[in-house]
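Trainee: I would like to learn how to read a sheet and a helix. Where do we begin?

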Amino acid sequence: MPEPLGVYIHVPFCSAICHYCNFNRGLMDAALKTAYVDALITHITREAEPVAVDTIYFGGGTPSLLEPHEIARVLEACGAAFRVTADAEVTMEANPETVDVARLTGFRAAGVTRMSFGVQSFLDDELRRLGRLHDADRARQAVREARAAGIDNVSLDLMMWLPGQSVAQWLQSVGALIDAAPDHASLYLLELYPNAPLQELMAREQWSQTPDDDAADMYEAAMDQLEAAGLHQYEISNVARPGRESRHNLKYWRDSGWLAFGCGAHGSRDGRRWKHVADTRAYVDRVAAGADPVAEARRLDPEAQLAEALFMGLRLTEGIDTGAYRARFGQDVWSRYGSSLAPAVEAGLLVRETGRMRLTRRGMLLANEVMQVFV
């Protein structure tokens with residue numbers, strides 16, 4: 001029986017543009033938002049098929065800028081178009097300043113089962129540098145409000161290696177995250193994009209990032225603290241309490257299939273990869289005209305599918321089941337890549353076990369170097 005699919009729904013609207021952000025997003029436009037929700041529903045309805053779906057993920061942007069009744073309409077469209085399982089994980093990304101108990105209760109009633117809050121830091125100075133609209137107390141309150149609204153699966157995002165951030169300051173945020181008692185957390189290294197306003201701010205204010213060795217210390221110390229607090233690492237950047245791993249994101253890392261709706265959204269199914277037009281108005285107009293909003297699509301050959309599956313699968317702490325990959329792709333992973341991977345094994349970055357291959361924690365710090373052999 002085919003494995004259930006995921007559904008990714010992109011919501012591009014934001015109250016403000018953060019100084020570091022490179023995602024597909026734009027400032028809130030109430031009229032465009034209304035048209036966009038209609039377009040999402042039309043697109044979902046058009047793609048209807050009797051396939052099982054067990055995860056739905058609202059990403060952004062800031063999906064929590066949609067009203068609860070709009071989220072309900074989109075989820076109702078998904079329920080009518082697909083066979084959404086009774087235990088489906090329905091995640092909504094949110095910024096802490098966009099919610100309160102009433103809104104969160106409305107989202108829960110609409111069908112949201114999991115909230116993912118973009119906290120990024122629990123230090124107010126760092127939040128200001130990033131251009132965030134909330135402060136640390138508001139982030140803590142948002143978690144409490146989600147619990148009060150009946151949402152029992154809460155994830156928090158933190159960013160490390162911020163401008164001017166010391167190891168001690170980073171670990172202060174990690175400690176505050178642990179105190180907030182989420183079920184899941186994602187910890188990301190800040191990526192500085194060439195056109196990001198943060199680049200200019202860093203130059204003007206003479207902020208710098210700590211050396212690479214300190215970034216490694218940040219990562220390893222954080223993972224140790226989180227593990228001790230019961231949040232176990234299951235992927236390079238993600239930790240969770242037992243049973244609270246992100247089921248939707250596991251589809252990415254395990255190379256399962258997911259459908260995509262919304263501007264700039266990426267989908268993947270049976271070796272086909274596609275993405276929609278990035279511009280919000282163009283997406284709305286194309287859907288309204290009955291045209292395909294896909295901007296790019298390609299079909300991966302078996303060799304590329306294997307490489308991509310390995311690249312993603314090795315992000316998981318469990319690594320990859322080499323027997324399963326041999327059955328699926330008809331190739332022995334070690335025979336195909338062993339000579340290229342041997343130096344990583346010798347350096348203690350990669351472990352080869354009976355029927356399994358996985359990165360060590362030190363290997364996770366250097367994952368791109370190890371996994372470039374698949375690219």
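Mentor: Begin with pairing: two strands pair if DSSP finds at least two bridges between them. Strands (E, at least two residues) and helices (H or I, at least four) are DSSP runs, numbered from the N terminus. This is a predicted model: local features need pLDDT of at least 70, side-chain atom pairs count only at pLDDT 80 or more, and totals for chains, interfaces and linings use all residues. Residues are numbered from 1 along each chain as its sequence is written, and side-chain values use heavy atoms, leaving out hydrogens and water.

Trainee: What is the order of the open sheet of three strands?

Mentor: In general, strands of a sheet pair through backbone hydrogen bonds, either parallel or antiparallel. Here the order is 15-17-16, with antiparallel pairing. Strand 15 (320-321) and strand 16 (350-353) each have a single partner strand, so one side of each lacks a neighbour in the sheet. Strand 15 joins strand 17 (residues 356-359) over two bridges. Asp321 has Arg356 of strand 17 as its bridge partner.

Trainee: Which residues of helix 10 are buried?

Mentor: Buried means under 20% relative accessible area, against over 50% for exposed and partly exposed in between (1.4 Å probe, protein chains only). In helix 10 (residues 280-288) they are Thr280, Tyr283, Val284 and Val287. They fall within an arc of 95° seen down the helix axis, so they line one face; the arc is that of the directions from the axis to the C-beta atoms.

Trainee: Why would such a spacing give one face?

Mentor: An α-helix has 3.6 residues a turn, so residues three or four places apart point the same way.

Trainee: What follows just after helix 10?

Mentor: Gly290, with a positive phi of about 80°.
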